[in-house]
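Trainee: Could we go through this structure together, one question at a time? I would like to learn how to read its aromatic and nonpolar side chains.

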Amino acid sequence: MAFNSYAFFAFLVVIIALYRILPWRYGRIVLVVASYLFYSYAEPWYALLLFTSTLTDYLVGLRVHSAPNDQDRKRWLWVS
């Protein structure tokens, strides 16, 4: 799906409408799912890479949040 195609424009309109209509919490989920759909449309392998990156950064973010000091936070940030 190219950025200058009608399919992308229709996809974008639907996603923006859903994002604006739904409550903020669900709107974020719509954006994440739309990102996965867009990348997997180009190549399914990209969705797996995106999922791995998302999961890694989420888990490291939890570690950064619970780190007792700045030095540990910086170490976890480097892992991400």
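Mentor: Gladly! Let's begin with a term: a nonpolar patch is made of residues with over 30% relative accessible area and no salt bridge, whose nonpolar side chains are joined within 5 Å. Keep in mind that this is a predicted model.

Trainee: Is Leu 62 buried, partly exposed or exposed?
Mentor: Leu 62 is found in helix α3 and belongs to the patch. Leu 62 has 44% relative accessibility, so it counts as partly exposed.

Trainee: How are the rings of Phe 38 and Tyr 39 arranged: stacked, tilted or edge-to-face?
Mentor: The structure holds 2 aromatic pairs. In the pair of Phe 38 and Tyr 39, the ring centres are 5.9 Å apart and the planes stand at 80°. Planes over 60 degrees apart count as edge-to-face. The pair is therefore edge-to-face.

Trainee: Is Phe 38 buried or exposed?
Mentor: The cut-off for buried is under 20% relative accessible area. Phe 38 has 18% relative accessibility, so it counts as buried.

Trainee: Which residue lies over the face of Trp 24?
Mentor: Here we look for a charge over a ring, which can come from Lys or Arg. At 4.1 Å from the ring centre of Trp 24 lies Arg 28.

Conventions:
Residues numbered from 1 in each chain as written. Predicted model: local features only at pLDDT ≥ 70, side-chain atom pairs only at ≥ 80, totals over all residues. Heavy atoms only, no water. Phe/Tyr/Trp six-rings, centres within 6.5 Å; stacked < 30°, edge-to-face > 60°. Buried < 20%, exposed > 50% of the residue type's maximum accessible area, 1.4 Å probe, protein only. Lys NZ or Arg CZ within 6 Å of the ring centre and 35° of its normal. Patch = residues over 30% accessible without salt bridge, like charges linked within 9 Å, V, L, I, M, F, W, Y side chains within 5 Å. Areas by Shrake-Rupley, 256 points an atom, 1.4 Å probe, with all protein chains shown as cover. Salt bridge = Lys/Arg side-chain N within 4 Å of Asp/Glu carboxyl O. Helix = DSSP H or I, 4+ residues; strand = E, 2+ residues; numbered from the N terminus.
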